[in-house]
Amino acid sequence: MASHSYNLFCPTAMAAELLEPRWTMLILCEMGSGSTQFADIQRGVPGMSPSLLARRLREMEASGLLAREEIPGTRKSRYRLTPAAQELLPIINDLGTWAHRNLDSRVALDRLDDKMLMWNVRRKIIRATLPARRTVVEFMLRREDGSEAKYWLIMRPGEETDLCSVDPKFDVDLYIVASLRDFTAAWMGHSRFEAEIDAGRIKLIGDAALAQGLTRWMVRSCFAGDAADSADAACAGRDFRAPARLARSG
């Protein structure tokens with residue numbers, strides 16, 4: 001019997017044994033969003049070490065939540081969710097919805113992570129509402145310690161949205177300048193972009209049309225409860241379906 005086992009026949013206890021190991025549910029969320037390769041899964045759980053991720057993936061494969069397969073013609077492999085894991089995704093989403101509704105938002109905003117935030121913002125871009133050309137948006141997010149995080153979203157017709165943390169050297173169409181806390185609050189639905197912009201806490205500099213249409217081309221986390229996103233099943237703001245390649249990424 002494993003050391004973490006409850007040693008009980010209760011189905012709830014058995015489910016807890018499967019899901020309680022740290023990071024398991026977040027890995028399921030990330031894979032439910034469409035990530036299948038190790039590097040992409042790791043970007044979705046940035047606080048997890050590569051060695052722990054590798055171990056957890058092996059454990060999840062052994063427990064029947066994941067299946068690993070080789071990518072033909074390469075030395076790489078990818079992972080896919082089993083039907084049992086797919087059935088878990090709405091349940092995990094319900095846990096997130098419950099927490100978003102019932103837990104103090106100040107607790108969430110004390111656990112900021114710009115890497116995870118931007119990786120998920122990337123998923124929620126509505127390509128069809130953007131110009132039929134390359135569009136570059138630079139984010140300048142001030143962390144609590146006074147340092148600045150910079151990210152670039154690169155959006156091209158017919159391609160998935162790219163996220164860069166190193167300057168891609170493209171002309172920038174729109175700059176978004178804010179504290180990490182204020183931007184996260186607006187994106188997660190603890191406040192609204194309109195209110196933060198009006199108060200000057202989020203600044204939009206550059207293309208006027210892009211700035212005015214911000215909430216049309218950048219959908220907030222599903223936990224924000226926007227009507228336009230209400231049909232999506234998502235975890236931590238992530239769609240459980242694989243990202244669309246044309247009209248919608250994330």
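Why is helix 8 largely enclosed by the rest of the structure? Eight of its nine residues are buried (under 20% relative accessible area, with a 1.4 Å probe and protein chains only).

The model is predicted, so local features need pLDDT of at least 70 and side-chain atom pairs count only at pLDDT 80 or more, whereas totals for chains, interfaces and linings use all residues. Residues are numbered from 1 along each chain as its sequence is written, and side-chain values use heavy atoms, with hydrogens and water left out.

**View 1. The surroundings of helix 8 (residues 180-188).** Helices (H or I, at least four residues) and strands (E, at least two) are DSSP runs, numbered from the N terminus. The buried residues are Leu180, Asp182, Phe183, Thr184, Ala185, Ala186, Trp187 and Met188. They pack against helix 5 (83-102), helix 7, strand 4 (135-142), strand 7 (174-179), helix 9 (193-198) and strand 8 (202-206). Gly189, with a positive phi near 95 degrees, follows helix 8.

**View 2. The packing of helix 7 (residues 114-123) with helix 8.** Their axes, lines fitted to C-alpha atoms over the stretch in contact, lie 11 Å apart at an angle of about 40 degrees. Asp114, Leu117, Asn120 and Val121 of helix 7 make the contact with Leu180, Phe183, Thr184 and Trp187 of helix 8 (heavy atoms within 4.5 Å).

**View 3. The buried residues of helix 1 (residues 11-19).** Ala13, Glu17 and Leu19 are buried in this helix. Their cover includes helix 2 (24-32) and helix 5.

Key
Axes are lines fitted to C-alpha atoms, for helices over the stretch in contact, and angles run from 0 to 180 degrees between N-to-C directions. Buried means under 20% relative accessible area, exposed over 50%, partly exposed in between (1.4 Å probe, protein chains only).
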